[in-house]
Amino acid sequence: PRSLEDCDLAISREPNFAKPYQTRALLFLWQNRFPEALADANTYIRLKPDSYLGYSIRGIAYYRLNRPKEAVDDFTASLRLNPEDDVSLNYRGSALFNTFQKYDEALADFNRAISIKPQGNYYLNRSHCHYMLGDLARARSDVDSASLLGEMIPEEYRKMLNP
C-alpha cells in the first residue's frame, strides 16, 4: 500500500526520525506482519524510549508471536509511561488470562481498561475472568454489556453461561 511506501521513503531519507517507524509498525500489525512490526517497534523504542506507544506496539507483536512473557513486560513498560493505555491493559490482561492463568490480575487489568474506555471485547474478556473465578452472574452481565456494544458472543460460551 501507498502508506507503507511513504514510510519506507521517510525512513530512507531520515533513518533516525522515529515517527515513520511507529506508523509502519502499526501498519504491519494491521496486516498481521508481526515480525516486521516487532523490528520497527524495536527501532522506534531505541529512537524514542519514552514513548508508551512503542512498548504497546512491541507488546502486541510479541503477543501475536506467542511470546507472552516479553509481551507482558512491554505492556507493563507502556503502562508505567501511560497508566491510561487501555489497549495495553486489555492485552496484558489477555496474556495473564490465556497463558499464565492469573485470573485475578487479568480481571484487574480488564476492570481498569473498561473504566478508561468501555469496549465490547474488554467486557467479553472480563466475562471470561468472572467465569473462571466462578462468578456466573457477573460473567453473564458482562456478556450482555459486550453484546450491547456490538461484540459477537460465541454460542458455545453463551451455553456455558446458561446451562
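In which helix is the place of Leu107? Select Leu107 in this predicted model: the residue lies in helix α7 (residues 103–116), helices being DSSP runs of H or I of at least four residues, numbered from the N terminus. Residues are numbered from 1 along each chain as its sequence is written, and side-chain values use heavy atoms, with hydrogens and water left out. Local features need pLDDT of at least 70, side-chain atom pairs count only at pLDDT 80 or more, and totals for chains, interfaces and linings use all residues.

Leu107 is buried, with a relative accessible area of 14%; buried means under 20% (1.4 Å probe, protein chains only). Leaving aside neighbours within four places in sequence, Leu107 is in contact (heavy atoms within 4.5 Å) with Arg126, Cys129, His130 and Leu133.

Next, select helix α1 (residues 2–13) and helix α2 (residues 19–30), whose axes come within 9 Å and cross at roughly 150°. The axes are lines fitted to C-alpha atoms over the stretch in contact, with angles from 0 to 180 degrees between N-to-C directions. The crossing angle makes α1 roughly antiparallel to α2, a term for angles over 145 degrees. Residues making the contact include Leu4 and Ile11 of α1 and Leu27 and Phe28 of α2.

Finally, display Leu29, Tyr63 and Phe75, the residues with the most contacts inside the largest nonpolar core, which has 20 residues. Such a core is a set of buried Ala, Val, Leu, Ile, Met, Phe, Trp, Tyr and Cys residues joined through side-chain atoms within 4.5 Å. Helix α4 gives the most to this core, with 5 residues.

Terms used
Helices (H or I, at least four residues) and strands (E, at least two) are DSSP runs, numbered from the N terminus. Buried means under 20% relative accessible area, exposed over 50%, partly exposed in between (1.4 Å probe, protein chains only). Angles under 35 degrees count as roughly parallel, over 145 as roughly antiparallel, 65 to 115 as roughly perpendicular and the rest as oblique.
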